[in-house]
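Reader: I have a structure to go through with you. Can we take it step by step?

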Amino acid sequence: MLTYQFPDLNICPYTKLAKRFDDKDNYICILNSDNLPLDFNSLGINLKFTGSRNRVFIIHPVQLNNFSILCHGSNSIIFIDSNFTSRQATKIVVEKDNQQLYIGKRCHFFSVFIQLEADSRKIFIGDDCMFASDVNIKNSDSHVIYDIHTKEILNEPQEMIYIGNHCWIARSVRILKNASIPNDCIVGMGAYVTKKFYKPNCVLAGIPASIVKEGVNWRK
């Protein structure tokens, strides 16, 4: 059974190593394997903040090719754990406030676009995950849909998107609000994951995604 465990990013052992980025109290901490600060300018990455009081941690990255973070919201935290690789392009856009993104250890991205568009929501990606090119993770529909009679919001996103440990996300996959993918799962090319799945070791495929095979695993 899938369990939701999001780390407390407000308690971070690297906070004291973070450097103030601008006069809006945005802080950056990018560390090499000796826990010494790396200069983001020398890494060739793009960091832009229009919001305030955001924190970004990237711990012992392996490769950050064409990597960018754009924070338009405020009071958000991005934490990328050790040995992260971005081979082609990783773009993280924070549109709203009080959001949190955690990417686990030894994750490998080819070309991934992560959009945090819902206030006070989270995206969790576990350890040892591999993402192919043209993958989009998006935690909101961007626009509100509501009942014209009751004014009830019909597409409010839940607390988080959850991707477990050791998941392989194939090319052109879309992982949308409220989705969860258990440990050791494979998501087939072009699938749209739109709901919670609870069984590990499955292949998910289709639009919308469904379980097409159980009792499997994968390796590089």
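Predicted model: local features only at pLDDT ≥ 70, side-chain atom pairs only at ≥ 80, totals over all residues.

Reader: What is the radius of gyration, and what would a compact globule have?

Author: The protein chain has 17 Å. A compact globule of 220 residues would have a value near 17 Å, so the two agree.

Reader: And the span along the principal axes? What is it?

Author: The C-alpha trace spans about 50 × 45 × 30 Å.

Reader: What share of the residues is buried?

Author: Of the 220 residues, 50% count as buried. The accessible surface comes to about 10800 Å². Carbon and sulfur atoms hold 49% of that surface.

Reader: What share of the contacts comes from residues 24 or more positions apart?

Author: They make up 31% of the contacts with a separation of 6 or more.

Reader: Switching to charges. How far apart are the mean positions of the positive and negative ones?

Author: They are 4 Å apart, with 25 positive and 21 negative charges in the protein chain.

Reader: Now the rings. How many aromatic pairs are there?

Author: A search of the whole structure finds 11. In one of them, Phe-67 and Phe-84 have ring centres 6.1 Å apart. Their planes are at 70 degrees, over the 60 degrees needed, so the pair is edge-to-face.

Reader: Where do those two sit in the chain?

Author: Phe-67 is in strand β6, residues 67-71. Phe-84 is in the loop between β7 (77-80) and β8 (85-94). The two are 17 residues apart, and the pair links distant parts of the chain.

Reader: Buried or exposed, Phe-67 and Phe-84?

Author: Phe-67 is buried, and Phe-84 is buried too.

Reader: What about Phe-124 and Tyr-162? What kind of pair do they form?

Author: A stacked one, at 4.8 Å centre to centre with 10 degrees between the planes. Phe-124 lies in strand β11 (residues 122-125) and Tyr-162 in strand β14 (residues 160-163), so the pair ties together parts 38 residues apart in sequence.

Reader: Why does Phe-124 count as buried?

Author: Because its relative accessible area is 8%, and buried means under 20%. Tyr-162 is buried as well, with a relative accessible area of 8%.

Reader: Which residues do ring pairs link into a cluster?

Author: The cluster holds Phe-6, Tyr-14, Phe-57, Phe-79, Tyr-102, Phe-124 and Tyr-162.

How values were computed:
Residues numbered from 1 in each chain as written. Heavy atoms only, no water. Rg over C-alpha atoms; globule rule 2.2 N^0.38 Å. Buried < 20%, exposed > 50% of the residue type's maximum accessible area, 1.4 Å probe, protein only. Contact = heavy atoms within 4.5 Å. Areas by Shrake-Rupley, 256 points an atom, 1.4 Å probe, with all protein chains shown as cover. Lys, Arg positive; Asp, Glu negative; His and termini not counted. Charge placed at Lys NZ, Arg CZ, Asp CG, Glu CD. Phe/Tyr/Trp six-rings, centres within 6.5 Å; stacked < 30°, edge-to-face > 60°. Helix = DSSP H or I, 4+ residues; strand = E, 2+ residues; numbered from the N terminus.
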